[in-house]
Every structure is written in C-alpha cells, then in structure tokens.
Number of protein chains: 2
Amino acid sequence: MDKVYSLASLQKFTKEVFNRMGCPADQAELATEVLLSADLRGIDSHGIARLSGYLRLWEAKRINANPVIRVVHETPSTAVVDGDGGLGLVVAPKAMEIAIAKAKNAGTGWVAVKNSNHFGIAGYHAMKALQHDMIGMAMTNASPLVAPTFAVERLLGTNPIAVAIPAGKQPAFVADFATTTAANGKLEILQRKNLDAPVGWIQKKNGEPSTNAHELKDGGALIPLGSDREHGSHKGYCLGAWVDIFSAVLSGANYGPWVPPFVSFLSPPADPVGDGIGHFFGALRVDAFRPANEFKDHMDNWIGRFRSAKTIDGEPRVLIPGDPEREMSEARTKNGIPLIDKVVEDLVGVASKYNVQFS
Amino acid sequence: MDKVYSLASLQKFTKEVFNRMGCPADQAELATEVLLSADLRGIDSHGIARLSGYLRLWEAKRINANPVIRVVHETPSTAVVDGDGGLGLVVAPKAMEIAIAKAKNAGTGWVAVKNSNHFGIAGYHAMKALQHDMIGMAMTNASPLVAPTFAVERLLGTNPIAVAIPAGKQPAFVADFATTTAANGKLEILQRKNLDAPVGWIQKKNGEPSTNAHELKDGGALIPLGSDREHGSHKGYCLGAWVDIFSAVLSGANYGPWVPPFVSFLSPPADPVGDGIGHFFGALRVDAFRPANEFKDHMDNWIGRFRSAKTIDGEPRVLIPGDPEREMSEARTKNGIPLIDKVVEDLVGVASKYNVQFS
C-alpha cells in the first residue's frame with residue numbers, strides 16, 4: 001500500500017529542502033508550488049519523486065540555487081531569458097510572467113529561455129495565462145532519449161507541449177503531453193512493476209521493436225508519437241524537433257544530443273552548443289482576437305459538444321484535455337497524495353542527510 | 001501509366017479555370033501557384049485533383065470568386081481576417097502577409113482567419129516566412145472526419161500543422177502534417193487501388209478498428225495521430241483540437257462538427273456557429289530572439305547532426321522534415337507532374353464544360 005501524505009506536509013518538507021539548497025525564501029516557495037503541482041495533477045513522475053534528483057544536480061554544482069534571471073534580448077512581443085543555471089522550477093515562472101506582460105501590451109508574448117534546468121510539468125506554466133484571459137503555451141527540450149524515425153541514435157528528449165485555453169462556465173482546456181508515444185514516466189511505472197511495455201513505445205539499440213521496459217539501459221530509445229512510420233512516427237518526430245528548435249535554437253540553449261542529462265551520474269556533453277536546457281513560452285491575449293466573453297462562450301460550446309459526444313460502447317465518456325488532471329488535483333488536495341515506497345525511502349534519505357523533518 | 005504534364009501547362013490551364021470562375025487576374029495567378037505547389041511537392045491529394053471540387057463549391061455559390069479580404073480586429077502582434085467567403089488559396093496568402101508585416105514591427109505576427117475555404121497545403125503558407133528570415137506557421141480546420149479518442153462521432157478535421165524554419169547553408173526545416181495517423185489523401189490512394197488500410201488509421205461507425213479504406217462512407221472515422229489510447233491517440237486528439245480552437249474559436253469561424261464540408265454534395269450544417277472555415281498563421285522574426293546568422297548557423301548544425309544520424313539497418317537515411325517534398329518539387333519542376341487517369345478525366349470534363357484547353 002502507498003502511504004498517503006497531506007499536501008501541506010509535502011509542501012513544508014519540499015520548501016525546507018529548497019531552503020537548505022540555498023534558494024531564497026520566495027524562490028523555495030515557488031519551486032515547491034511548481035514541483036508539487038505535478039503530484040496534485042497525478043503526473044507522479046514529475047513531482048516530489050524528482051526532488052532528490054534536483055538536489056544531486058545542485059550537489060554536483062549543476063544547478064545555481066540563487067540565479068540572476070534576466071532578459072538578454074527583446075522586441076515588443078518577444079524576449080530571450082538567461083536562466084543563469086537556476087532551477088527550471090523558478091526560471092520558467094519568471095519567463096512565463098514576461099510572456100504575459102508582453103501579451104498585455106502587444107497582444108501576444110513569446111519567450112525563449114536558455115541556461116535553465118528541468119521545469120516540472122509544462123501544464124503548470126501554460127495555465128498561468130488563464131487567470132489573465134490569455135491562452136498559455138509551454139514547451140521544453142530534455143535529455144536525449146528518443147530516436148527520430150529510421151534512426152538508432154537518441155537525439156531528442158520527450159519534449160512536451162502544453163496548451164491552456166480559457167473557457168467561461170466550463171473548466172479550461174489544458175493539453176499537456178510528451179511528443180513520444182508514451183512519456184518516460186509511464187515507462188518508469190512499468191519498470192517498477194516489472195511489466196512489459198506495449199509494442200510501439202520503445203526500440204532496441206539496433207532499432208528493432210522491443211517490449212522490455214528496461215531497454216533504455218541497454219542503448220534502446222523511446223519512439224516518437226505515432227509508434228512507426230506507417231502510423232505517423234515521422235509526425236511525432238516533427239513535433240519533438242519543433243519543440244527542440246523553439247526551446248533551444250531560438251534561445252541559445254543546448255539542443256538535440258547536446259542537451260545535458262537530468263541525472264547527475266551522467267556528465268553533460270563535453271562539447272556544448274549552448275547554455276543549459278531550453279524552454280519556450282507563449283501567451284496570447286484572447287481579446288487580441290475577439291471579445292473575451294464571446295470567445296469564452298464559444299469555448300463553452302466547443303467543450304460541451306465534445307464532452308457530450310457519443311462514445312464507443314463500454315467507454316464512459318469523451319474527455320476534454322485537462323479533465324483527468326483537474327479531477328485528480330481536486331481529489332488529492334482533499335485526500336492527500338499517495339507516494340510509493342521507493343519514493344518515500346528516497347525522501348527519508350534526503351530528510352536525514354539535510355536534517356529536515358519528513359512525516 | 002500516369003500521364004505526365006509540364007508545370008507550365010498545368011499552370012496555364014488552372015489559371016484559366018480560376019479566370020472563368022471570375023477571380024481577378026492576380027488572384028487567379030496566386031490561387032494557381034498555391035494549388036500547384038501541392039502537386040510539385042508530391043501532395044497530390046491537395047493539388048490540381050481538387051480543382052473541380054473548388055469549382056463545384058463556386059457553382060453552388062459557396063465560394064466568392066471576388067472577395068474583399070479585410071482585417072476586422074488587430075493589436076500590434078495579432079489580427080483577425082474576414083475572408084469574405086473567398087478561396088482559401090487567396091485568403092490564406094493575404095493573411096500570412098499580414099502576419100509577416102506584424103512580425104516586422106512587433107517581433108511576431110499571429111493571424112486568425114474566419115469565413116474562408118480550403119487553403120491548399122499548409123506548408124506553402126508557412127514557407128512564405130522563410131524569405132524574410134522568419135519562422136512560419138500555418139494551421140487550418142477542415143470538414144469533420146475524425147473521431148476523438150473514445151468517441152464514435154466525427155468531430156474534427158484532419159487539421160494540419162505546418163512549421164517552416166529557416167537555415168543557412170542547409171535547406172529549410174519544413175514540417176507539414178495532418179494531426180491524424182494518416183492524412184485523408186493517403187486513404188484516397190488506397191481507395192483508388194482497392195487496398196486495405198493498416199489497423200490504426202480508421203474505425204467503424206461503432207468505433208471498432210477497421211482496415212476497410214471505404215469505411216468513412218459507412219459512418220466510420222479517421223483516428224487521431226497515435227492510433228489508440230495505449231499509443232497516444234489522446235495526444236493526436238489534443239493536437240487536432242488545438243488547431244480547431246486556434247483556427248476557428250479565436251477567429252469566429254465554424255469549429256468541430258459545424259465546419260462546412262469541402263464537397264459540394266454535402267450541405268453545410270443548418271446551425272452554423274461562425275463564418276466558413278478557419279485558419280491560423282504565425283510569423284516569428286528570428287532576430288527577435290537572436291542574431292539571424294547565429295540562429296542559422298545553429299540550424300545548420302542541428303540539421304547536419306540529425307541528417308547524419310546512424311540509421312536502422314536497411315534504412316538509407318534519417319530525413320529532415322521537408323526533405324522528400326523538396327526533392328519531389330525539384331524533380332517535378334524539371335520532369336513534369338504525373339496525373340492519374342481519374343484526375344485527367346475530371347480535368348477534361350472541366351475543360352469541356354468551361355471551354356478551356358487542357359493538354
């Protein structure tokens with residue numbers, strides 16, 4: 001049985017750990033909110049389970065706990081942000097804030113970020129636009145784990161895209177997905193349970209299909225959304241490449257196989273082509289296109305129509321992007337967040353090493 | 001054997017047909033260029049094969065051959081364009097021009113279009129940005145043929161996305177793909193040859209998998225990129241939904257099941273929620289992020305690295321998005337464009353009805 005923790009207790013613990021790393025108080029609080037939003041939304045692979053990973057990167061001096069985040073280039077609707085090697089959990093919200101400010105003046109704002117680190121879940125950042133009646137977008141590149149169609153080399157990350165679109169009476173539309181058939185977090189779940197993966201998720205180091213969830217340890221790779229050429233994996237490859245180029249070639253970060261790994265036991269490439277990892281954010285003011293109430297009425301109509309669509313026999317409902325995560329978030333805010341033994345052990349270790357209470 | 005026609009002869013014929021429809025001379029020329037760019041790039045389903053379809057829509061008074069295309073709302077980086085029911089082949093280039101002009105001043109330009117029609121291939125429009133050292137984006141919604149994950153109803157079009165990114169010495173990166181497992185044009189090829197489709201492209205009207213390429217005539221549907229839930233079809237659904245909302249809910253066009261059909265024998269829905277079909281265009285000035293020569297050097301490096309990636313045994317090379325279409329375009333410009341018998345027959349019919357020479 002997983003042990004269940006209240007949101008408040010995980011917040012207190014996480015914030016204290018970021019404090020110990022040397023994060024300023026406001027940044028420790030922000031990083032905690034971003035990180036735990038993943039646990040709340042049920043994306044367990046990207047939440048507190050990664051806390052010790054961030055810590056090890058900081059111990060290896062690959063994260064700057066007190067960064068000076070600054071705009072290094074801008075126009076009325078764009079900016080490039082240098083994250084100064086900070087936590088992506090802190091750099092990304094700052095960049096999204098800049099995108100929103102640009103959108104207020106210019107209609108839209110687009111911010112490319114270099115010299116950053118893993119930023120948690122993309123959806124959190126995109127959703128920051130909603131309260132301003134804006135559409136939010138967020139994407140990031142990541143450690144190379146994915147082989148382009150026809151390749152055996154791992155050249156792309158799972159490079160997620162998030163799009164958050166405000167509605168009126170309906171909850172917002174929030175899409176947030178890796179551009180691979182399955183996110184790495186889904187593979188990790190199978191690894192822990194010693195289960196096989198479906199054909200189409202991973203390939204062996206020679207490119208043959210594999211169902212071994214541990215295949216990546218032996219030089220295998222994740223596969224772009226589509227699974228194989230006949231089912232459109234070249235489109236998933238296009239999506240992952242697009243995210244990589246917007247996040248890193250526009251900003252001056254590392255791209256493709258040069259993206260530094262998240263895990264501290266792997267060294268960053270010796271020949272970097274840029275600074276850190278890269279993100280890309282967008283904010284579009286809805287009323288830069290049509291009156292916000294009109295837009296939201298039509299979004300309500302769109303969402304209502306799709307949600308009430310006739311289903312395949314046996315399927316309870318057609319989902320609107322963001323439905324499962326919102327429902328999970330409501331439930332976990334109320335009932336607490338379950339953590340598997342392996343994560344609890346890991347956090348107990350962190351607590352002991354850094355003399356922080358975990359309970 | 002397909003008959004082969006020179007580009008010049010198809011241009012002459014197509015332009016003359018658009019003239020007969022009542023298009024002003026410059027618009028007839030533009031529509032011809034856009035339409036035939038599909039044939040040149042090997043996307044035969046979207047080229048001259050559709051000419052008689054446009055004509056029938058015009059005969060049914062569902063296309064305005066002499067539209068007044070105008071901006072109805074704008075900010076420094078955005079605009080909404082009313083296409084006045086014109087050919088998408090004419091409305092879309094005008095909208096992309098506006099996006100490019102906005103980007104010159106504000107760094108980026110984003111244009112949503114309502115009251116338009118089918119715009120040919122998305123890639124053509126995105127690529128217009130390249131000559132300005134800009135990244136171009138184009139998307140459009142389309143007649144509902146696609147069932148969201150778990151649904152049996154057709155609520156989305158094949159809603160393509162195109163992204164064109166300039167490089168230096170390398171040819172540009174040009175991604176252009178339907179957000180379904182397979183584009184409708186691929187299905188049409190199987191229909192003509194009476195071949196089965198792979199599992200994962202289409203479903204029966206009750207949602208069961210089907211390999212019958214004619215399934216859509218019996219209430220079946222195309223499937224979002226990913227093929228099934230286990231392989232990420234919910235991500236393809238997110239992509240198609242995103243294109244639909246940006247193209248139509250932002251602009252005031254029809255969305256989802258209300259998008260009017262391309263074929264003239266099907267009536268538009270009696271209860272429209274907007275005007276015509278919708279598109280969305282973007283232009284991002286590369287030097288709104290970093291100096292253009294720096295960006296292009298890194299794009300050359302990105303493209304070079306991916307193109308030289310080690311391949312799976314038996315696969316000749318890893319492709320860069322846009323490679324096959326560019327090579328096809330070079331070959332067909334030189335050697336001519338092959339048309340299948342059915343298309344030739346169709347065009348001979350058009351030629352005879354409108355008294356235009358076709359040879």
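Chain A is superposed on chain B by a rotation of 180° with 0.0 Å of shift along the axis, at an RMSD of 0.0 Å (least squares on the C-alpha atoms of residues with pLDDT of at least 70 in both copies). This is the relation of a two-fold axis. Within chain A, the C-alpha of A:G226 is the one nearest the axis, at 2.3 Å. Of the interface residues of chain A, 100% are also interface residues in chain B, so the copies meet through the same surface.

The model is predicted: local features need pLDDT of at least 70, side-chain atom pairs count only at pLDDT 80 or more, and totals for chains, interfaces and linings use all residues. Residues are numbered from 1 along each chain as its sequence is written, chains are lettered from A in the order in which they are written, and side-chain values use heavy atoms, without hydrogens and water.

In chain B, the axes of helices α2 and α4 come within 8 Å and cross at roughly 90°, the axes being lines fitted to C-alpha atoms over the stretch in contact, with angles from 0 to 180 degrees between N-to-C directions. The two helices are therefore roughly perpendicular (65 to 115 degrees). Their contact (heavy atoms within 4.5 Å) is made by the residues below.

| Helix | Contact residues |
|---|---|
| α2(B) | B:Q27, B:L30, B:A31, B:V34, B:L35 |
| α4(B) | B:L89, B:V90, B:P93 |

By class, this contact has seven nonpolar residues, one polar and no charged.

Helix α7 of chain B (residues 233-249) has 17 residues and reaches 23 Å from its first C-alpha to its last, close to the 24 Å expected at 1.5 Å a residue. Of these 17 residues, 16 are buried, so α7(B) is largely enclosed by the rest of the structure (buried means under 20% relative accessible area, with a 1.4 Å probe and protein chains only).

Definitions and conventions:
Helices (H or I, at least four residues) and strands (E, at least two) are DSSP runs, numbered from the N terminus. Angles under 35 degrees count as roughly parallel, over 145 as roughly antiparallel, 65 to 115 as roughly perpendicular and the rest as oblique. Ala, Val, Leu, Ile, Met, Phe, Trp, Tyr, Cys and Pro count as nonpolar, Asp, Glu, Lys and Arg as charged, and the others, Gly among them, as polar. The expected span of a helix is 1.5 Å times one less than its number of residues. Buried means under 20% relative accessible area, exposed over 50%, partly exposed in between (1.4 Å probe, protein chains only).
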